[in-house]
Amino acid sequence: MPKTDVLVLGSGIAGLSYALKVAECFPEKKIVILTKSDESESNTKYAQGGIATVINNQGDSYEKHISDTLKAGDGLCNLKVVQAVVEEGPQRLHELINWGINFDKSKLGNYDLGLEGGHSEHRILHFKDITGYEVERKLIIKIKQQQNITLLTSHFAVDLITEHQLKSQKSQQKLNCYGAYVFNQKTQEIVTFKAKCILLATGGIGQVYRNTTNPIIATGDGIAMAYRAKAKISNMEFIQFHPTALAHQFSHGRSFLISEAVRGLGAILKNEQGEAFMHKYDVRKELASRDIVSRAIDNELKISGADFVYLDCMSISKKDFMENFPNIYAQCIDIGIDINKQMIPVTPAAHYLCGGIDVDINGCTSIQHLYACGECAHTGLHGANRLASNSLLEALVFAHRCFKETIKNIEQIENKISIPDWDGENTFETKERILITHNRKELKSIMSDYVGIIRTHERLMRASKRLNVLFEETEDLYQKSKLSTPLFELRNMISTAYLIVEQSMKRVENKGGFYNSDLN
Ligand SMILES: Cc1cc2nc3c(=O)[nH]c(=O)nc-3n(C[C@H](O)[C@H](O)[C@H](O)COP(=O)(O)OP(=O)(O)OC[C@H]3O[C@@H](n4cnc5c(N)ncnc54)[C@H](O)[C@@H]3O)c2cc1C
């Protein structure tokens, strides 16, 4: 049974920056990072816009960033958390810069700060339109230089080990986390990892929807694991849909994002008839907040029955477009679209989860020795809607806070409990893997058709009934079949979807990114 001091689940910005800090602080301690895919596959890798922080104090201020964040969150942000994240942001950004991560500078040598929807000042640090790629790549380089970190790819965390798992729970007792059962995808075996501190940094849930900007790893695994381990989960109803994902499914199940900065440069949304429509929905037209633009597009699509609307970029010069969005330009060319001659087909896509595993201001979950940060965690920063480019910032600030908690606690944790190995008896190789694929497709359809941008009581009820059937079928398969990654993921996606539906049903007021037309 592998033993480590610290177990990190996930290799995005949250997991990597936490692991690096713990490793640098405790050269004698062992840190294991597990990731289910290759080392860099993550939401982090695809972040385009950048990281919001107050770095220019000529004009910008913490008060302004705090006020913008609170406004986007529509009354549901935790003020203390917002203050902490905004005020600690510049320090965390300087650490990234010291680790060798590049951000664009102007000719005068100052950081070239971008402006995004909802921000009252230019405050987005970015590296071209591939900020996340730069961050992920450089963090991986740093991780590999650290002797006391082991990074294991193709290791899928299946379940957290708590008293509940060990069946020794006493009533009222606060649960402890002792490690995780992990599926080694290469050997096809379940390995038990024992650790003193465990960090969940497993990212988002976009794949429960048909259209998503998230890569295929974003199946809500950490949230589902925490839910099964009886951790508190909330605000799952607040899913941010990005209004303009390229309406072209790449084979790897992810829709490519057309950044809202393109609308910032003058691109216009048009319907099937080639008519601009945003003026009907908001005086800010194309620059209204993400939730308003997404709902407007959704409405236009419902009226026309089409699968997408268009983004007309023809008023932007080729030079300006290529200078600002080289990656978007190249992706469009790849699928045969010349943005100077043709409009880009776009559709809203599930983009970001504002809720997740409840943590306190130090990143502690409701289970002892289990921390969570990044997109899987619900810190209270985003409230009902995330302000653009606040999520990488949140991941950095909370990874630091989890690191602080780890240093404070690790020496007192013994973890001498004996943990049984995984019980894989009485399972057999299923002859019909297709059942898993069908159920995954069905789940995505249910969520997109009934739990999308505009919800109603009836649609939520329908989703709930259909999810129950999928749950029963999948549990049956899970009890009997030999284990596989697609089956683990399907199970997690069903739990995640169930939490989104259940928490949507409980919400009695429309706020931020949540909209139930029966509540008007
Ligand atoms: C297209 C796109 C553009 C974005 N642009 C921006 C932006 O400009 N600014 C901004 O602030 N935010 C942006 N975001 C959001 C931001 O990228 C994410 O919120 C953030 O990167 C999440 O980081 P994370 O470390 O929490 O998770 P991730 O980066 O998603 O990493 C999760 C990790 O967990 C691993 N994992 C998951 N499940 C398991 C399991 N069962 N076992 C083992 N490993 C597992 C994954 O393999 C991965 O390594 C964007 C997101 C997308 C998709």
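How many of the seven residues of strand S1 (residues 3-9) are buried? Five of them are, so strand S1 is largely enclosed by the rest of the structure. The model described here is a predicted one, and its chain has 520 residues, of which 51% count as buried. The points below begin with the chain as a whole, then follow the strands that pair with one another, and end with the nonpolar core and the surroundings of the ligand.

**The chain as a whole**

- The secondary structure of the chain comes to 15 helices and 16 strands. With a radius of gyration of 22 Å, close to the 24 Å that the globule rule gives for 520 residues, the chain is as compact as a globular protein of that length.
- Taken along the principal axes, the box filled by the C-alpha atoms of the chain is roughly 65 × 55 × 40 Å.
- Among the contacts in the chain with a separation of 6 or more, 75% are made by residues 24 or more positions apart.

- Strands of a sheet pair through backbone hydrogen bonds, and the pairing can be either parallel or antiparallel.
- Strand S1 pairs in the parallel sense with S8 over six bridges, and in this pairing Lys-3 stands opposite Lys-194 in S8.
- Strand S1 is also joined by four bridges to strand S2 (residues 31-34), and these two strands run parallel; here Leu-7 stands opposite Val-32 in S2.
- Strand S7 (residues 177-184) is mostly covered, with six of its eight residues buried.
- Seven bridges join strand S7 to S6, and the two run antiparallel, with Ala-157 standing opposite Val-182 in S7.
- Strand S7 also pairs with strand S8 (residues 189-200) in the antiparallel sense, over six bridges, and the bridge partner of Val-182 in S8 is Val-191.
- Strands S7 and S8 form a hairpin with four residues between them, and in the turn Gln-188 has a positive phi of about 65°.

**An open sheet of three strands**

- Three strands, in the order S9-S14-S16, form an open sheet whose pairing is mixed. Strand S9 (233-234) and strand S16 (377-378) stand at the edges with a single partner strand each, so one side of each is left without a neighbour in the sheet.
- Strand S14 (residues 356-358) pairs with S16 in the parallel sense over two bridges, and Ile-357 stands opposite Ala-377 in S16.

**The nonpolar core**

- In soluble globular proteins, nonpolar side chains tend to be buried together.
- The largest nonpolar core of this model has 148 residues, and those with the most contacts inside it are Val-8, Tyr-18, Ala-19, Leu-199, Ile-357 and Cys-373.
- Not counting residues up to four places away in sequence, Tyr-18 touches Val-8, Leu-199, Ala-201, Cys-373, Ala-399, Cys-402 and Phe-403.

**Around the ligand**

- The ligand is surrounded by 43 residues, and the closest are Gly-10, Gly-12, Gly-49, Gly-203 and Gly-374. Among the elements that give two or more residues to this shell are helix H1 (13-25), helix H5 (131-145), strand S6 (155-162) and helix H12 (391-409).
- Sorted by class, the shell around the ligand has 15 nonpolar, 24 polar and four charged residues.

Note on methods
Residues are numbered from 1 along each chain as its sequence is written. This is a predicted model: local features need pLDDT of at least 70, side-chain atom pairs count only at pLDDT 80 or more; totals for chains, interfaces and linings use all residues. A residue is near a molecule or strand if its C-beta atom, placed from the backbone, lies within 6 Å of it. Ala, Val, Leu, Ile, Met, Phe, Trp, Tyr, Cys and Pro count as nonpolar, Asp, Glu, Lys and Arg as charged, and the others, Gly among them, as polar. The radius of gyration is taken over C-alpha atoms; the globule rule is 2.2 Å times the number of residues to the power 0.38. A residue is buried if 20 or more other C-beta atoms lie within 10 Å of its own, exposed if 12 or fewer, and partly exposed in between; C-beta atoms are placed from the backbone. Two residues are in contact if their C-beta atoms, placed from the backbone, lie within 7 Å. Two strands pair if DSSP finds at least two bridges between them. A nonpolar core is a set of buried Ala, Val, Leu, Ile, Met, Phe, Trp, Tyr and Cys residues joined through C-beta atoms within 7 Å.
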